[in-house]
Amino acid sequence: MKHSFILFAAVALTLAACSNDDENLNGGPVELRLSSSLEVQTRAGNDIQGAQFDADEDIDVFIHEDVAAGETATSQYDQPLLYTTMDANGNMSTNNRQYFPGSGKGVNIYAYYPSKAVSSIAEGATEDFTIQSDQSTDENYKLSDLMRGAANNPVERTRDAVPLAFSHLLTKVTVNLKQGNGQPDLEGAVVKLKGVLPTTTLTTSTGNISEAKGTATDITVMKASANDDRGSAVIIPQTLSGEFFEVTLKDGGVLRAKINFQETITFMSGKEYKYEITVNLTTLAVFSSAINDWTAETPGSGFAEMQ
């Protein structure tokens with residue numbers, strides 16, 4: 001008899017919990033939780049933020065109640081809200097818990113990375129974004145990797161974490177350095193991309209970017225070490241020509257090369273361009289391996305003489 005009573009009580013508590021959950025979804029406060037994912041690989045050369053953000057990365061999130069034109073929202077959210085990635089599984093946290101609107105309506109959610117790149121996503125709002133000139137450090141590479149995230153909007157009330165899928169807005173160039181004829185010492189070699197326009201204007205409500213602009217700048221991709229001969233840099237999509245790659249050896253020798261014997265090449269948004277650079281004592285041999293959605297097609301090969 002005692003066991004039957006305990007079983008009955010447990011069932012009653014379970015039904016009450018389900019009833020409370022349903023009540024919350026139908027009108028009570030429901031916490032709005034978020035998770036994140038990257039649509040494509042980030043920096044294969046150095047394994048930075050592959051399918052997920054690293055832990056402790058700050059992301060700016062914009063939440064708006066889903067109301068019809070001319071209708072006044074019942075809930076106002078701070079813009080942007082700062083969320084931080086908790087682990088490599090996409091979980092995100094914030095010091096300021098957010099809830100779905102009390103009206104029962106859903107929300108529209110957008111986000112930008114790196115944090116502080118965007119202050120508003122109001123219709124027509126724009127922000128200039130400039131990449132870092134030295135991306136040989138993980139921190140500066142991440143600060144250059146402009147990404148936009150979005151939920152499957154509008155998002156209706158749910159107790160589940162709402163996933164935000166992020167996509168890369170700029171272009172990634174990956175360089176794999178190899179030792180060639182004469183066995184030059186590559187430890188300490190510095191690889192740069194020459195004459196890159198570093199700035200774009202972002203229309204924040206749509207994620208569209210303008211043509212590259214600004215003063216042509218050399219972008220440091222990597223400083224080779226005995227255990228690290230591959231690196232990546234993020235650039236603004238643009239058309240470039242002339243000698244694009246520069247490798248400076250530890251002994252001071254400087255070698256430069258064009259891209260694939262081409263006069264110009266147009267780098268596209270969301271694509272990764274992979275290049276294998278063989279360093280000979282007096283020349284560079286540049287072989288393209290691929291281009292696709294942030295993982296690489298096939299541009300060709302080229303050579304350069306010692307400067």
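A salt bridge, as I use the term here, is a side-chain nitrogen of Lys or Arg within 4 Å of a carboxyl oxygen of Asp or Glu. With that cut-off in hand, I looked up the total and found that the structure holds 11 salt bridges.

Before going on, I noted that this is a predicted model, in which local features need pLDDT of at least 70 and side-chain atom pairs count only at pLDDT 80 or more, while totals for chains, interfaces and linings use all residues. I also noted that residues are numbered from 1 along each chain as its sequence is written, and that side-chain values use heavy atoms, with hydrogens and water left out.

**Entry: the chain as a whole**

I looked up the secondary structure and found 2 helices and 21 strands in the protein chain; these are DSSP runs numbered from the N terminus, with helices being H or I of at least four residues and strands being E of at least two. Of its 307 residues, 45% count as buried, where buried means under 20% relative accessible area, exposed means over 50%, and partly exposed lies in between (1.4 Å probe, protein chains only). The chain exposes about 14,800 Å², and carbon and sulfur atoms supply 48% of that area, as computed by the Shrake-Rupley method with a 1.4 Å probe, where for residues only the protein chains shown count as cover.

**Entry: E31 and R97**

I then turned to E31 and R97, whose side chains meet in a salt bridge at 3.8 Å, N to O. Because E31 lies in the loop between α1 (2-26) and β1 (34-38) and R97 in the loop between β4 (92-93) and β5 (107-113), the pair ties together parts that are 66 residues apart in sequence. E31 is partly exposed at 27% relative accessibility, whereas R97 is exposed at 57%.

**Entry: D128 and K213**

Next I looked up the salt bridge between D128 and K213, where the closest N and O atoms are 3.2 Å apart. D128 belongs to strand β6 (residues 126-130) and K213 to the loop between β12 (208-209) and β13 (217-223), so this pair links parts that are 85 residues apart in sequence. Both partners are partly exposed, D128 with a relative accessible area of 49% and K213 at 32%.
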